Amino acid sequence: MRQAHLEWTIQSTALPVVIIGAGPAGLMVANLLQRADVPCVVLERGTREYIETRPRAGMLEDRSARMLERHGLADRMLTESDTHTACEFRIDGKAHELNYSELSDGKTHFVYPQQEVVTDLLRQYLDGGGDIRFEVSDVELQDQLEETPSVSWTSSDGTREQLDCSFIAGCDGFHGVTRKSIPAGAVKEFTHQHGIGWLSILAEAPPSTEKVIYALHADGFAGHMLRSSTVSRFYLQVPVGEDVDNWPDEKVWSELHKRLALRDSDWTLTEGKIIEKRVLDMRSHVVEPMRYGRLYLLGDAAHIITPMGGKGMNLALNDAEVFADAIASYYHHKSTTGLDDYSAVCLRRVWRAQEFSQWMVDLVHRNEQPFLSRLGHARLQHLIQSREAAASFAHMYVGAN
Ligand code: APR
């Protein structure tokens, strides 16, 4: 769906940008606008403690790490993150390492949990004098198609407030209000249910591996992801809609031991206290265009992707940089090109990431249809045996371009 071309106007009484949501997308935009001297305000539903402790994604692509570095936002990340250069496919108890760094001119992943990214971005924004309102509720958007839209909300002390602005950055995640404020039919929404459930587990257990493990087992996929020296994330393929109560801790560990087992090896899985356990139904969603008038959608508000491939937070950061650059050129060079092109530019990367994530989902999961299961197996053998296939995977996986 095409949107009207944006007219260049400056409304001196309106704040340039209201950002809704203080996740990676919202806080990255806030920092970049601050650096570009474009005033903005961030409205966040949660408390500061909530956003700084909410465990979610954990892997920064090489490209995202470089982006943070370029903007002077990477100091703590570079000293405290772990860099990763290889992953392992564990097929029926046999390990196959894939060194993606070697295949992508030395590019690496940075393991740095999302709450740390958020903590750093928030601190930098506040140190620079940034304006953020926590614990806002009942956020409403008005006049998104007009030159001066407005945003109203109830602040933490119960006062109703309103701000006129020139642009709204919808960075409030999949369940936020900004996408829902768009009238039905004004944008196109693409949804895909993958027919796969994951039991997602966060445990206070030191990692039992130095690299991410994707294990294929006759009973389904198991994943061992890294978060820190004391916390690990695990995934188990389960039926769609599975009840988390069917998975007491002992069953989780025994299933992880079974699916991650390595033949002819003394490798063991270290257990720990399970601190989060939930079922995710694997789904993808994309909104086109990522804009409605002067409302721009970023990150999870515009697209969600399966955790396979670790692209979610990276896409959110990319949207933020494209959007902030476009806003800076609007205010400093009177150019509307960046804002007109924002959606098309971001969607190219979004769809490429969706394709990669779907490919990985098919690669490592047990499929109920034996024919499709065999196809996945053939694809994996090719990945292991062909250097060209592995190099192509490596570039996409590590975010090398
Ligand atoms: N009003 C204000 N804030 C809101 C509202 C609302 N109505 N609804 C949600 N929020 C806030 C949430 O509390 C959260 O802090 O918006 C923020 C959204 O943050 P994320 O969900 O982390 O979304 P985003 O910044 O797009 O980052 C994408 O999500 O794909 C996953 O983990 C992956 O890293 C990726 C991240």
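Guide: In this predicted model, a nitrogen atom of the ligand lies 3.1 Å from a polar backbone atom of R45. One is made by the backbone of A25, where an N or O atom is 3.0 Å from a ligand oxygen. The other is made by a side chain: a polar atom of Q114 is 2.4 Å from an oxygen atom of the ligand. On its own the ligand has 730 Å² of accessible area, and the protein covers 92% of that.

The shell around the ligand holds 26 residues, and those that come nearest are E44, R56, Q114, D300 and M313. Sorted by class, the shell has 13 nonpolar, seven polar and six charged residues. Three helices each supply at least two of the shell residues: helix 1 (24–35), helix 2 (48–53) and helix 7 (312–333). The largest share comes from helix 7, with three residues.

The unreviewed UniProt entry annotates residues 16–356 as "domain: FAD-binding". In the model, that span is 30% helix and 32% strand, and its end C-alpha atoms lie 36 Å apart.

The second largest pocket can be described in the same terms. Its volume is about 420 Å³. The lining consists of 24 residues, with I196, Q237, R366, N367 and E368 nearest the centre of the pocket. Both strands and helices contribute to this lining: strand 12 (188–204), strand 15 (232–238), helix 8 (337–364) and helix 9 (370–385) each give at least two residues. Helix 9 provides the largest share, five residues. By class, the lining of this pocket divides into eight nonpolar, 10 polar and six charged residues.

Two points of backbone geometry remain. Most peptide bonds are trans, and most residues other than glycine have a negative phi. The bond between E288 and P289 is cis, with omega about -10°. P289 is located in the loop that runs between strand 16 (273–288) and strand 17 (291–292). The other point concerns D92, a residue other than glycine with a positive phi, near 45°. D92 also sits in a loop, the one between strand 5 (87–91) and strand 6 (94–98).

Key:
Residues are numbered from 1 along each chain as its sequence is written. This is a predicted model: local features need pLDDT of at least 70, side-chain atom pairs count only at pLDDT 80 or more; totals for chains, interfaces and linings use all residues. Side-chain values use heavy atoms; hydrogens and water are left out. A residue is near a molecule or strand if one of its heavy atoms lies within 4 Å of it. A polar contact is a pair of N or O atoms within 3.5 Å; within protein, one must be able to donate a hydrogen and the other to accept it, and residues adjacent in sequence count only if both atoms are side-chain atoms. Accessible areas come from the Shrake-Rupley method with a 1.4 Å probe; for residues, only the protein chains shown count as cover. Helices (H or I, at least four residues) and strands (E, at least two) are DSSP runs, numbered from the N terminus. Ala, Val, Leu, Ile, Met, Phe, Trp, Tyr, Cys and Pro count as nonpolar, Asp, Glu, Lys and Arg as charged, and the others, Gly among them, as polar. UniProt positions are given in the numbering used here, feature names are shortened, and annotations may be inferred rather than shown by experiment. On a 1 Å grid over the protein atoms alone, a cavity is a set of points where a 1.4 Å probe fits but cannot get out, and a pocket is an open set with protein on both sides within 12 Å along at least five of seven lines; lining residues have an atom within 4 Å of a point. Grid points are joined across faces, edges and corners, and a volume is the space filled by probe spheres set on the points.
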